[in-house]
Amino acid sequence: MKPCEKLLIENKAWAAEKIVQEPDFFKKLSGDQTPEFLWIGCADSRVPAEIIVNAEPGEIFVHRNIANQVIATDFNSQSVLQYAVDVLKVRHVIVCGHYNCGGIKAALDKQRVDLTLVNKWLIHIKDIYRIHQNEIESLDTQEKRVNRLVELNIIEQVQRLSHTAIIQNAWKREQRPVLHGWVYGLDNGVINPLVTLPPGTHINSIYQFVEPPDNDS
Ligand code: CO
């Protein structure tokens, strides 16, 4: 059997089992979705969002990319954020990274000349390293340095969420969503919360928005 055939066979078995457990499971889901959470995670195959928090279809709106980045010029993550916050009205946005992240490890290494697109993606993580270089370099093993940058990267992505007009407007108008930064341990399966930004958290003024100046004169 080809690997992809196995996936399709497993899918049929899964759908049949769901119907046995709850006959109108798919009927209920085929209307609108009302997830309470937006999950921004790493694309790593070992960190599947719904499975590690035991969630069902319909519970979490998911976006995953290499090293769980929130980049202001990335239409993909930004449009997911806008849809989740302004249309689905999620109550929580979770950035979940993980220790021993390959994207973070790569960002601490030299740039491979052939990986032109990946290099552009990782440059934002290198910037975080540069800001925290002294702290990271004071650690005595590469594993510790990688894992500290994993944590600093998650905290930075939560900050970047708070710098968007999408989040600032939702905080002002509807006092939601709460922003969370979590880190997952590949070696024990446990998630640790690192940072929480509730609506109304003070944002550095350089990231706040103002109306344009009057141009009447
Ligand atoms: Co990763």
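Guide: Let us begin with a term: a polar contact is a pair of N or O atoms within 3.5 Å; within protein, one must be able to donate a hydrogen and the other to accept it, and residues adjacent in sequence count only if both atoms are side-chain atoms. Here, the side chains of histidine 63 and asparagine 65 make a polar contact at 3.2 Å. This is a predicted model, in which local features need pLDDT of at least 70, side-chain atom pairs count only at pLDDT 80 or more, and totals for chains, interfaces and linings use all residues. Residues are numbered from 1 along each chain as its sequence is written, and side-chain values use heavy atoms, with hydrogens and water left out.

Visitor: Is histidine 63 buried or exposed?

Guide: Buried means under 20% relative accessible area, exposed over 50%, and partly exposed in between (1.4 Å probe, protein chains only). Histidine 63 is buried, its relative accessible area being 6%.

Visitor: Which residues coordinate the cobalt ion?

Guide: Donors are N, O and S atoms within 2.8 Å of the metal (3.2 Å for Na, K and Ca); water is not among the atoms, so sites may look incomplete. Cys42 (SG), His98 (NE2) and Cys101 (SG) coordinate the cobalt ion at 2.1 to 2.3 Å. Along the chain, these donors follow the spacing C-x55-H-x2-C. Both cysteine 42 and cysteine 101 are buried.

Visitor: Where does H6 bend?

Guide: The bend at a residue is the angle between axes fitted to the seven residues ending there and the seven starting there. H6 bends by about 35° at leucine 122. Helices (H or I, at least four residues) and strands (E, at least two) are DSSP runs, numbered from the N terminus.
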